[in-house]
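Subject: Structure handover

Hello,

Here is the structure for your files. My notes on it follow below.

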Amino acid sequence: MKLYHHPLSGHSHRAHLFLSLLDARYELVEVDLAAGAHKAPDFLKLNPFGQVPVLDDDGTVIADSSAILVYLSRKYGRTDWLPEEAVAAARIQKWLSVAAGEIAYGPCAARLVTVFGADFRTQEVIARAHRILALVEAELSGRSFLLGDKPTIADVALYSYIANAPEGNVDTSAYPGVGAWLARIEALPGFVGFRKTKVGLAA
Ligand SMILES: N[C@@H](CCC(=O)N[C@@H](CS)C(=O)NCC(=O)O)C(=O)O
């Protein structure tokens with residue numbers, strides 16, 4: 001399997017982290033975003049959206065980080081990471097939506113400002129990051145992972161941008177439950193970190 005990624009992309013990191021947690025065989029292919037390689041014709045054939053990550057599993061091409069997490073869970077029959085039971089599956093889907101919504105427009109966007117110079121309203125995206133961090137903190141009260149005692153792809157989907165949120169000037173010190181949850185994920189066998197950048201509060 002090939003994972004087209006960029007080392008500073010949290011969306012890519014979700015897919016990379018899950019491949020590693022599954023102990024799957026994969027090859028990383030770095031896409032040079034700065035040079036516009038993600039908008040080149042060859043890459044657009046893989047993903048017309050012109051975004052990383054993209055997984056190529058022997059010709060089966062899956063774009064989008066959430067789609068990759070679902071695909072890998074099902075491919076390897078890992079119902080521990082993505083249960084089939086209706087309520088658990090729906091709860092996980094909710095967190096995948098949060099990853100594509102509140103996380104993308106909160107801590108991810110705040111970090112895009114400092115790491116890539118993106119033109120977002122800084123105070124607005126930082127405030128959005130704090131709203132979702134407070135919700136995650138409350139959700140984790142009395143449990144180890146988002147759905148209970150065991151990690152699922154919901155945790156993988158939220159990990160990367162929350163772990164690197166300080167890079168976007170998002171102070172995570174008021175969320176001890178979130179900090180403990182990050183450490184639990186980092187202690188999982190096969191964990192691979194998301195590259196740090198010395199910007200924002202992480203400078
Ligand atoms: N919904 C996509 C979003 C992926 C995404 O936003 N990727 C960024 C890098 S973190 C990207 O490729 N941006 C380039 C662009 O949109 O032109 C996913 O979950 O994978």
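Helices (H or I, at least four residues) and strands (E, at least two) are DSSP runs, numbered from the N terminus. This is a predicted model, in which local features need pLDDT of at least 70, side-chain atom pairs count only at pLDDT 80 or more, and totals for chains, interfaces and linings use all residues. Residues are numbered from 1 along each chain as its sequence is written, and side-chain values use heavy atoms, with hydrogens and water left out.

Domains

UniProt, in an unreviewed entry, assigns residues 85-203 to "domain: GST C-terminal". That span, 85-203, is 60% helix and 0% strand, with its end C-alpha atoms 44 Å apart. The feature "domain: GST N-terminal" is placed by UniProt (unreviewed entry) at residues 1-80. Residues 1-80 are 36% helix and 20% strand, and here the end C-alpha atoms are 22 Å apart. UniProt positions are given in the numbering used here, feature names are shortened, and annotations may be inferred rather than shown by experiment.

Strands

Two strands count as paired if DSSP finds at least two bridges between them. Strand β1 (residues 2-5) pairs with strand β2 (residues 27-30) in the parallel sense, over four bridges; in this pairing Tyr4 stands opposite Val29 of β2. With strand β3 (residues 54-57), β1 pairs in the antiparallel sense over three bridges, and Lys2 stands opposite Asp56 of β3. A right-handed β-α-β unit is made by β1, α1 and β2; right-handed means that, with the strands pointing away from the viewer, the path from the first strand over the helix to the second runs clockwise.

Helix α6

Helix α6 (residues 153-163) is mostly covered, with eleven of its eleven residues buried (under 20% relative accessible area, 1.4 Å probe, protein chains only). Among them are Asp155, Tyr159 and Tyr161. The cover over the buried residues of α6 includes α1 (10-21), α3 (65-75), α4 (86-116), α5 (122-139) and α7 (176-186), where contact means heavy atoms within 4.5 Å.

Ligand

Which residues are around the ligand? They are Ser9, His11, His38, Lys39, Gly50, Gln51, Val52, Pro53, Asp64, Ser65 and Tyr161, each with a heavy atom within 4 Å of the molecule. Polar contacts are pairs of N or O atoms within 3.5 Å. An oxygen atom of the ligand lies 2.7 Å from a polar side-chain atom of Lys39. For Ser65, a side-chain N or O atom is 2.6 Å from an oxygen atom of the ligand. Val52 takes part through a polar backbone atom, 2.8 Å from a nitrogen atom of the ligand.

Regards

Notes:
Buried < 20%, exposed > 50% of the residue type's maximum accessible area, 1.4 Å probe, protein only. Polar contact = N/O pair within 3.5 Å; in protein donor to acceptor, adjacent residues only side chain to side chain.
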